[in-house]
Amino acid sequence: MNERKKTCLRCKKDIKEQDLHKIVIYVVQDKFTEHHYEHVECPDKFTV
């Protein structure tokens, strides 16, 4: 399976396999640049 660690962009905590999370993708000038993960409902911070 996928053994890479996912770390929440907002709270910096590890995202466990069973945690709900979303992928945040940055696209600049129609080119895929980078992606990050964050908790859907972050334990420490709320997404507006």
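I began with the surface of this predicted model, where I found that the protein exposes about 4400 Å² and that carbon and sulfur atoms supply 54% of that area. I then turned to burial, and noted that 19% of the 48 residues of the protein count as buried.

Next I asked myself how many disulfides the structure holds, and the count came to 0. I looked at Cys-8 for the reason, and found that the closest cysteine sulfur, in Cys-11, is 3.7 Å from the sulfur of Cys-8, which is too far for a bond, because a pair of cysteine sulfur atoms has to lie within 2.5 Å to be called a disulfide. I recorded the burial of both residues as well: Cys-8 counts as buried at 1% relative accessibility, and Cys-11 counts as buried at 12%.

My last entry concerns His-39, which I located in strand β4, a strand made of residues 31-39. Is His-39 buried or exposed? I noted a relative accessibility of 5% for His-39, so this residue counts as buried. Leaving aside residues up to four places away in sequence, I listed what His-39 touches, and found both Cys-8 and Cys-11 there, together with Lys-13, Asp-14, Ile-15, Asp-19, Leu-20, His-21 and Lys-22.

Technical notes:
Residues are numbered from 1 along each chain as its sequence is written. This is a predicted model: local features need pLDDT of at least 70, side-chain atom pairs count only at pLDDT 80 or more; totals for chains, interfaces and linings use all residues. Side-chain values use heavy atoms; hydrogens and water are left out. Buried means under 20% relative accessible area, exposed over 50%, partly exposed in between (1.4 Å probe, protein chains only). Helices (H or I, at least four residues) and strands (E, at least two) are DSSP runs, numbered from the N terminus. Contact means heavy atoms within 4.5 Å. Accessible areas come from the Shrake-Rupley method with a 1.4 Å probe; for residues, only the protein chains shown count as cover.
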